Amino acid sequence: QVQLVESGGGLVQAGGSLRLSCAASIRTFSSYSMGWFRQAPGKEREFVAHINGNAMNTVYADSVKGRFTISRNNANKMVYLQMNSLKPEDTAVYYCAARGTLEPSYRYWGQGTQVTVSS
């Protein structure tokens, strides 16, 4: 049973920083690509960042490039999203997701953590 649990969300002023964490209960964690997604009220869920199993490849949405950094610790089965220079438009529920190496899409999702950026 795969479980993803996010933490670290909260309320922050514009220009501030937050670090989201995702704890994964995946036996072969290092073989899974991990991603962060977000969904703002009234909007569709959107891709934020991706990291492959050995952390050699990362991909970011244009809207967060240069401000957010995704990382992982395979020994502890954790994924992180460091968010700097936060803007009000970053306000959303942030979700952690996992995808097996040969899978075409993300299969496992966390319950989400709320990030609110005040202006």
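Which residue in β5 is the bridge partner of R38? In β5, R38 pairs with E46. This is a predicted model: local features need pLDDT of at least 70, side-chain atom pairs count only at pLDDT 80 or more, and totals for chains, interfaces and linings use all residues. Residues are numbered from 1 along each chain as its sequence is written, and side-chain values use heavy atoms, with hydrogens and water left out.

**Overall make-up**

- The chain has 11 strands and 0 helices. Both are DSSP runs numbered from the N terminus: helices are H or I with at least four residues, strands are E with at least two.
- Along the sequence, the pattern reads β-β-β-β-β-β-β-β-β-β-β.
- Along the principal axes, the C-alpha atoms fill a box of roughly 40 × 25 × 25 Å.
- Buried residues account for 45% of the 119 residues. Buried means under 20% relative accessible area, exposed means over 50%, and partly exposed lies in between (1.4 Å probe, protein chains only).

- Two strands pair if DSSP finds at least two bridges between them.
- β7 and β8 (residues 78–83) run antiparallel and are joined by 6 bridges. T69 has Q82 in β8 as its bridge partner.
- L4 belongs to strand β1. This residue is buried, at 4% relative accessible area.
- L4 and L81 lie 77 residues apart in sequence and 14 Å apart in space, C-alpha to C-alpha.

**Strand β4 and its partners**

- β4 (residues 32–39) is largely enclosed by the rest of the structure, because 7 of its 8 residues are buried.
- β4 runs antiparallel to β9 (residues 92–100), with 8 bridges between them. Here R38 stands opposite Y94.
- β4 also pairs with β5 (residues 46–51) in the antiparallel sense, over 5 bridges.
- β4 and β5 make a hairpin with 6 residues between them. In its turn, G42 has a positive phi of about 75°.
- Strands of a sheet pair through backbone hydrogen bonds, either parallel or antiparallel.

**Nonpolar core**

- The largest nonpolar core has 30 residues, of which M34, W36, L81, M83 and Y94 touch the most other members. Such a core is a set of buried Ala, Val, Leu, Ile, Met, Phe, Trp, Tyr and Cys residues joined through side-chain atoms within 4.5 Å.
- At least two residues of this core come from each of β3 (18–24), β4, β5, β7, β8, β9 and β11 (113–118).

**Aromatic contacts**

- The structure holds 5 aromatic pairs. Rings of Phe, Tyr and Trp (its six-membered ring) pair if their centres lie within 6.5 Å; planes under 30 degrees apart count as stacked, over 60 as edge-to-face and the rest as tilted.
- Y32 and Y108 form a tilted pair, 6.4 Å centre to centre with 50° between the planes. Y32 is in β4 and Y108 is in β10 (residues 108–109), 76 residues apart.
- Y32 is buried, at 14% relative accessibility.
- F37, F47, Y106 and W109 are linked into a cluster by ring pairs.
- The charged end of R45 sits over the ring of W109, 3.7 Å from its centre. This means that NZ of Lys or CZ of Arg is within 6 Å of the ring centre and within 35 degrees of the ring normal.
- The charged end of R72 sits over the ring of F29, 4.4 Å from its centre.

- Most residues other than glycine have a negative phi.
- A55 is not a glycine, yet its phi is positive, about 65°. A55 sits in the loop between β5 and β6 (58–60) and is partly exposed, at 35% relative accessible area.
- K77 also has a positive phi, near 55°. K77 lies in the loop between β7 and β8 and is partly exposed, at 27% relative accessible area.
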